[in-house]
Amino acid sequence: MAAAAEPLDPDMFDPMCPSGALPFQIGDKWTGMVLLCLRDGPRRFTELRVPLRAVTPKVLAATLRAMRRDGLVERTEHAENPPRVEYALTPLGHSLLPVIAAFRAWSGAHLPELLAARAAFAGTTDATRPG
């Protein structure tokens, strides 16, 4: 049996994180965050809920299901009492971690510009809005 990973930090995602504002998302709003939660090893659903407290259980379950469908995550059921289910990244899921790191670095460098552009765009009328 593998050594237990450190508990997830409940504050690993800043509640003010504008991830929904980013111009790119992997799968959906939550997929990148789930990838980060699983980068150090398998986690149970309840463990994932700690830093992802803003997502409903229904949406988290749907996100994990979509990630399984896409081959990013595997689900393992352990025959124990009580039953235990863990989610872990597949090699394909691990291959996205450098991409997530690059997105996070880009966001840190350019998010103010992106948000300013969106604010300026929101201030235009449909008649003056390009495209």
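## Salt bridges

A salt bridge here is a side-chain nitrogen of Lys or Arg within 4 Å of a carboxyl oxygen of Asp or Glu. With that in hand, let us look at this predicted model. Glu80, Arg84 and Glu86 are joined to one another in a network of such bridges. Across the whole structure, a search turns up 6 salt bridges.

Arg53 and Asp11 meet through their side chains, with N and O 3.0 Å apart. Arg53 belongs to the loop between helix H2 (45–49) and helix H3 (57–69), while Asp11 lies in the segment before helix H1 (31–38), so the pair links distant parts of the chain, 42 residues apart. Asp11 is exposed, because its relative accessibility of 52% is over 50%. Arg53, with a relative accessible area of 42%, is partly exposed.

## Two further pairs

Next come the side chains of Arg69 and Asp70, which form a salt bridge at 2.9 Å, N to O. Arg69 is exposed, at a relative accessible area of 63%, whereas Asp70 is partly exposed at 40%.

Glu77 and Arg75 make another salt bridge, and their closest N and O atoms are 2.6 Å apart. Arg75 counts as partly exposed at 33% relative accessibility.

## A cis peptide bond

The peptide bond from Asn81 to Pro82 is cis, and its omega is near 0°. Pro82 sits in the loop between strand S1 (73–78) and strand S2 (84–89).

In soluble globular proteins, nonpolar side chains tend to be buried together.

Setting aside residues up to four places away in sequence, Leu48 touches Leu8, Cys37, Leu38, Arg43, Leu60, Leu64 and Tyr87.

## Where H1 crosses H3

How do the axes of H1 and H3 cross? They come within 10 Å and cross at roughly 80°. That angle falls in the range of 65 to 115 degrees, so H1 is roughly perpendicular to H3. On the H1 side the meeting residues are Thr31, Val34 and Leu35, and on the H3 side Leu60, Thr63, Leu64 and Met67. Sorted by class, this contact has 5 nonpolar and 2 polar residues, with no charged ones.

Is Thr63 buried or exposed? Thr63 is buried, because its relative accessibility is 2%, and the cut-off for buried is under 20%. Beyond its neighbours within four places in sequence, Thr63 is in contact with Asp28, Trp30, Thr31 and Val34.

Terms used: Residues numbered from 1 in each chain as written. Predicted model: local features only at pLDDT ≥ 70, side-chain atom pairs only at ≥ 80, totals over all residues. Heavy atoms only, no water. Helix = DSSP H or I, 4+ residues; strand = E, 2+ residues; numbered from the N terminus. Buried < 20%, exposed > 50% of the residue type's maximum accessible area, 1.4 Å probe, protein only. Contact = heavy atoms within 4.5 Å. Axes fitted to C-alpha atoms, helices over the stretch in contact; angles between N-to-C directions. Parallel < 35°, antiparallel > 145°, perpendicular 65-115°, else oblique. Nonpolar A, V, L, I, M, F, W, Y, C, P; charged D, E, K, R; others polar.
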